[in-house]
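Subject: Structure for your review

Dear colleague,

Please find below the structure that I am handing over to you. I would be grateful if you could look through it alongside the notes that come after it.

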Amino acid sequence: MNHLAETCLSAYQALAENQQNGQPVTGVTLPAMQMGSVNIDTTYLSADEVIQEIQTFAADSGWTLYRDKLDMSATAPSDTFFIEGEWSKGENAVHIKLIEGDRYLCTRFRFGPEHTDSVQSFRDQTVFVRKLGETQALKTARYRLWWQLDENSKWRPLAQQFCGFDQDKKG
């Protein structure tokens, strides 16, 4: 990690710590941030290519949104009429979104060694997923929110990465 990144993250963490200790500094609660690096690449694929991409990815967790249902499983879409989906495997993820007709935007996230040309940080966030029926337990989805340090030493939002579902919870 370079000196500028260390300085910026240290200053940010000091502000966040002061906020947690009851010293209002910013007027908002600052999230805890960690240094990390993600490689993001995008491409356009057809529905059949998306299905092949997800099968090859071999996800541990995922969801697919169809016109009439939401399927929370790690498997590839069962047909070519889906709207969006996210899959994760370890620190890596794939996000697919319908653009038009048979054209999908495929975004791949690979947690990796630090970039030399950009400084990034992240925060993990948990989102509660409502029950879809009486027999289904409450689930939580984990997302990783990424920021990147810009040329003016300001943290700018970069991406939101799906990290999977936590174990079922009673509730």
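This is a predicted model: local features need pLDDT of at least 70, side-chain atom pairs count only at pLDDT 80 or more; totals for chains, interfaces and linings use all residues.

Six strands make up an open sheet, arranged in the order β2-β7-β6-β5-β3-β4 with antiparallel pairing. The edges are taken by β2 (38–45) and β4 (70–71); each has a single partner strand, so one side of each is left without a neighbour in the sheet. Helix α2, which covers residues 47–57, packs on this sheet and touches β2, β5 (82–89), β6 (92–100) and β7. The direction of the helix makes about 20° with that of β5.

Trp63 in strand β3

Strand β3 spans residues 61–66 and contains Trp63. With a relative accessible area of 13%, Trp63 is buried, because the cut-off for that class is under 20%. Apart from residues up to four places away in sequence, Trp63 touches Leu70, Asp71, Met72, Ser73, Glu84, Gly85, Glu86, Trp87, Tyr143, Phe162 and Phe165. Its C-alpha atom is separated by 8.9 Å from that of Pro77, a residue 14 places away along the chain.

Arg108 in strand β7

Arg108 belongs to strand β7, which runs over residues 103–111. Is this arginine buried or exposed? Arg108 counts as buried, since its relative accessibility is 17%. Its side chain makes a polar contact of 2.8 Å with the side chain of Asp41. A further polar contact, also given as 2.8 Å, joins the side chains of Arg108 and Glu53. When neighbours within four places in sequence are left aside, the residues in contact with Arg108 are Asn39, Ile40, Asp41, Thr43, Leu45, Glu53, Ala93 and Val94.

Aromatic pairs and charges over rings

A pair of aromatic rings is described by the distance of the centres and the angle of the planes. The count of aromatic pairs in the model comes to 6. One of them is formed by Phe111 and Phe122, an edge-to-face pair with 6.0 Å from centre to centre and 85° between the planes. This pair links distant parts of the chain, with Phe111 in strand β7 and Phe122 in strand β8 (residues 120–129), 11 residues apart. Phe111 is partly exposed at 32% relative accessibility, whereas Phe122 is buried at 4%.

Phe111 also pairs with Trp146; here the arrangement is tilted, with 5.9 Å between the centres and 50° between the planes. Trp146 lies in strand β9 (residues 139–149) and Phe111 in strand β7, so the pair ties together parts that are 35 residues apart in sequence. At 1% relative accessibility, Trp146 counts as buried. Together, Phe111, Phe122 and Trp146 form one aromatic cluster.

Elsewhere, the charged end of Lys69 sits over the ring of Tyr66, 5.2 Å from its centre.

Yours sincerely

Technical notes
Residues are numbered from 1 along each chain as its sequence is written. Side-chain values use heavy atoms; hydrogens and water are left out. Helices (H or I, at least four residues) and strands (E, at least two) are DSSP runs, numbered from the N terminus. Buried means under 20% relative accessible area, exposed over 50%, partly exposed in between (1.4 Å probe, protein chains only). A polar contact is a pair of N or O atoms within 3.5 Å; within protein, one must be able to donate a hydrogen and the other to accept it, and residues adjacent in sequence count only if both atoms are side-chain atoms. Contact means heavy atoms within 4.5 Å. Rings of Phe, Tyr and Trp (its six-membered ring) pair if their centres lie within 6.5 Å; planes under 30 degrees apart count as stacked, over 60 as edge-to-face and the rest as tilted. A charge sits over a ring if NZ of Lys or CZ of Arg is within 6 Å of the ring centre and within 35 degrees of the ring normal. Two strands pair if DSSP finds at least two bridges between them. Axes are lines fitted to C-alpha atoms, for helices over the stretch in contact, and angles run from 0 to 180 degrees between N-to-C directions.
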